[in-house]
Every structure is written in C-alpha cells, then in structure tokens.
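Please read the following account with the sequence and the model side by side. The paragraphs go from the sheet to the cores, and then to single residues and pairs.

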Amino acid sequence: MTDSGVAEKSSSVSTAGMRRILPAEMVERGADPFGPPPGLRGEGPVRPVDLLNGARAWLVTGFDEARAVLSDARFSADKMRHRDATSLRPPAEPPQGEREDGVFVFMDPPEHTRLRRVLTGQFTVRRMRQLESRVREIAVEHIEAMRAAGTTADLVPAFALPLPSLVICELLGVDYADRAEFQERTVVGLSATSTPQEQLAARGELYAFMRRLVSAKRSNPADDLLSGLVHDADPPLTDAQLTDMALLLLTAGHETTANMLGLSTFALLQHPEQLAALRADPGLIDNAVEELLRFLSIIQLGVSRVATEPVTLGGVDLPAGATVVIATPEVNRDPRHWPDPDALDLGRARTPHLAFGHGVHQCLGQQLARIELRIGLGELLARLPGLRLAVPAEQVPVRDEMVIFGVHSLPVTWS
C-alpha cells in the first residue's frame, strides 16, 4: 500500500469534497456556531437524502435509531467490500479473502474483532494513569508558556493542538529527539489551513515516520503502546498493519481532541453562567466534559454504514446496499432523549450520548480523550483568571469545511 493511499484513508474527508455530494445545508452551520447544521433538523429520525452525485442515502437523526444502526451487524462499516454512496473514491474491486491493512475502523467482525482486541489490550489502567500525570504536565507547561509571553494568545496553536499531539507521542513512544518533526508533520497534515498539496506531502511523511517508528520498536522495544502492538500480538501484525493502526491513533486521538479543546473553551466563554458555575465548583468538570461532548458533537457527518440486507429502521424500509449516515450533532440533541437539548447545561443529569459512537466500533480512546479534556479545560480555567475572548465572537473562524467541526483559531486574553 502506498504512503498516500494510507494517508488518504486515515484522514478526515474535507467538506470541499463532501459538498460535491451533500446539500450545503447539511454541512454548513447556521448563525449558532454550536448548533447542528439547519439541514439536519426535522422531518423524522430517518429520512432519504438525494445526494448531489445522483445517489441516495438515508440520514439518521434520532438517538435510538442511531444506536440501533451502530449495534446491528446488518449495517457494515467495511467501505472496501460495500459501496458507500457518500464515498469520494471511485469504486474498486472488493478484496478477496482477509484484508491485509490495519484500518480496522472500516472493517467488520471478525477482521475488526481481532485487530481491535489487540489494541484494546494496550489501553491498560496502568498506562492511562501514567498518561494522566503527563497530560497535566504538558497542559501546565503550555499554559505557563502562554502566560510568560503576555496576556493574549491564540489558544489553538498554543494549547489545543500541541496537547493531544504530545500525548500521542507519549502513547506511541516517539523519542524526544523526534517529537518536533512529528508535531510539525501532524499539524500540517491535519490542519484545515494547509493546502491539499501540503497535507498530502505531510501525511506521506507521517506514514514514512510511522514506518520507521515501527521498525525501531521491533529492534528496541520500550514500555509504550506501539512496542506492545509490535511484540504482543498473536498472530503478529505486519509492518503495514502496525503503521495503519498508529496513523489511526494519531488522527482519531489528535484531531478530535484538539478541536474539542478549542470549541469547548469557545462554548464556555459564550455561556458565562455555565462558566461561572464551573469556576465556582471545579468538581463539576467531569459532568461538564460529558455535556460539552453531547452539546458540541464535533463529528458532523463522518459516520456511515451500508445495509447488507433489507432492514426496517425507525419505521422506514431500507433496501440492501442502502447507505445510512449518522448525523451525530442532531442525534445528540434528540428531544425524545434530552429535555431542552439545545441548551448547554453543565449540571444536566448524565445520560449516554453518541459522541464516541456505540457498539463494536465505539471509540477505543474515549477514556484518554476524557482525561485530556478534563485536565486541559480545568487547568485553563484555574491558571488563566478572567479568561475571555480577545475578539468579538462573530470573528472567531469556525471550521465547518471539515468533517471534524471546530475553530481554526481562538484568540483569548486573561487578567
């Protein structure tokens, strides 16, 4: 498999491409930057959508219906064996026999089960506890660097981007001497402000970096997740599988958390009564993280499945081969599941949400993501008194041109 091929599969799809097939009102946010795109609202929990490429998909906006899709083996995640109507890639021959790549998020059992089980075994309680202390050290270090430079900063490059990147370095066991290169390639490869050519080049370089890292862990294993994958898997994983899995950890663990940190801070600053409640009671932080995950739901339209046989969903009959698209921002505001779902309420009783998915593909790194959000937001509020926007809210540039929603920058100031 080529570097660019893996990079393309493991990166999020830009909405510049998605706009070729999705109506604009389904991907562009309205006046409220924290609310779902207007085109996702109303018309029932399951409804057909005619795509601009001439195909048809079914949009799922109901919570119960989304959970049903994500837990039903009749809906396939394997985009290589089943044609997804929203795919931007030309149709290809489905693989014959077992797949040889490591992109397990686009696999079904039993292939998915084997690779996920190997990775799950590396997310140990001990490793998460060790990472928690490092997350705090990294967060404090970057906040203190902002304070030393003055009383204003752009929170995205100064804090939200480097924090999860350095945590991934810890998780994978990237040498300190290589972390600057790793971070540079990561920022360029995953940044919406980079040109497509820059992104492609950086992702190719990241793939090559990961291949070298896998080789190094074979020769000199350490106490890190990648070494565990290299030496503990039975049967052993190939270098291609290991590299794919490492890149998936990078994209899943970096881009989502970085955007949640920036967007969560923006949301808190725009809801001063909720911010005041959190400042008054720091013990509210765990509840706050869950409510922010529900309220913001930064995965816009990135989760789709293909029905492998006729299925009735939410009273709608779907044919075999139908593509269903989970509209997570609207699913997590289903009024049948939450009272006043469009309100940010950090004191809301905790109930399950789908920010991390559901079923066999539920996010493996959700515990680590929660740790980064809890510590990152908590340290920001504790160490930057009077934290507030440095520009009017309408001047904060949101990124609704990517599948992962967030902010391109967040200029802030403090006392």
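**A walk through the predicted model**

Strand E2 (residues 56–60) and strand E8 (residues 323–326) run parallel and are joined by four bridges, where strands are DSSP runs of E with at least two residues, helices are runs of H or I with at least four residues, and both are numbered from the N terminus. Two strands are taken to pair if DSSP finds at least two bridges between them. The model is predicted, so local features need pLDDT of at least 70 and side-chain atom pairs count only at pLDDT 80 or more, while totals for chains, interfaces and linings use all residues. Residues are numbered from 1 along each chain as its sequence is written, and side-chain values use heavy atoms, with hydrogens and water left out.

What holds the buried nonpolar residues together as a set? A nonpolar core is a set of buried Ala, Val, Leu, Ile, Met, Phe, Trp, Tyr and Cys residues joined through side-chain atoms within 4.5 Å. The largest such core has 89 residues, and those with the most contacts inside it are Leu119, Met146, Phe159, Leu172, Phe182, Leu296 and Leu410. Helix H11 (residues 239–269) gives the most to this core, with 14 residues. A second, separate core of 18 residues includes Phe63, Phe75, Ala307 and Val331. Not counting residues up to four places away in sequence, Leu410 touches residues including Ala153, Val156, Phe266 and Leu389, where contact means heavy atoms within 4.5 Å.

Helix H7 (residues 162–172) has eleven of its eleven residues buried, so it is largely enclosed by the rest of the structure. Among the buried residues of H7 are Pro162, Cys169, Glu170 and Leu172, and just after H7, Gly173 takes a positive phi of about 80°.

How many disulfides are there? The count comes to zero, a disulfide being a pair of cysteine sulfur atoms within 2.5 Å. Cys169 is in no disulfide, and the nearest cysteine sulfur, that of Cys363, is 18 Å away. Cys169 is buried, with a relative accessible area of 0%, whereas Cys363 is partly exposed, with a relative accessible area of 29%.

Two loop residues can be taken next. Gln122 has its place in the loop between helix H4 (111–120) and helix H5 (125–148) and is buried, with a relative accessible area of 8%; leaving out residues up to four places away in sequence, the residues that Gln122 touches include Arg127, Asp224 and Asp232. His82 is found in the loop between E3 and H4 and is partly exposed, with a relative accessible area of 25%. Apart from neighbours within four places in sequence, His82 is in contact with Ser76, Asp108, Val306 and Thr308.

Last come the aromatic rings. Rings of Phe, Tyr and Trp (its six-membered ring) pair if their centres lie within 6.5 Å, with planes under 30 degrees apart counted as stacked, over 60 as edge-to-face and the rest as tilted. By this rule there are three aromatic pairs. The rings of Phe63 and Trp338 have their centres 5.3 Å apart and their planes at 85°, so the pair is edge-to-face. This pair links distant parts of the chain, 275 residues apart, with Phe63 in helix H3 and Trp338 in the loop between helix H14 (328–331) and helix H15 (366–383). Both Phe63 and Trp338 are buried.

Notes: Buried < 20%, exposed > 50% of the residue type's maximum accessible area, 1.4 Å probe, protein only.
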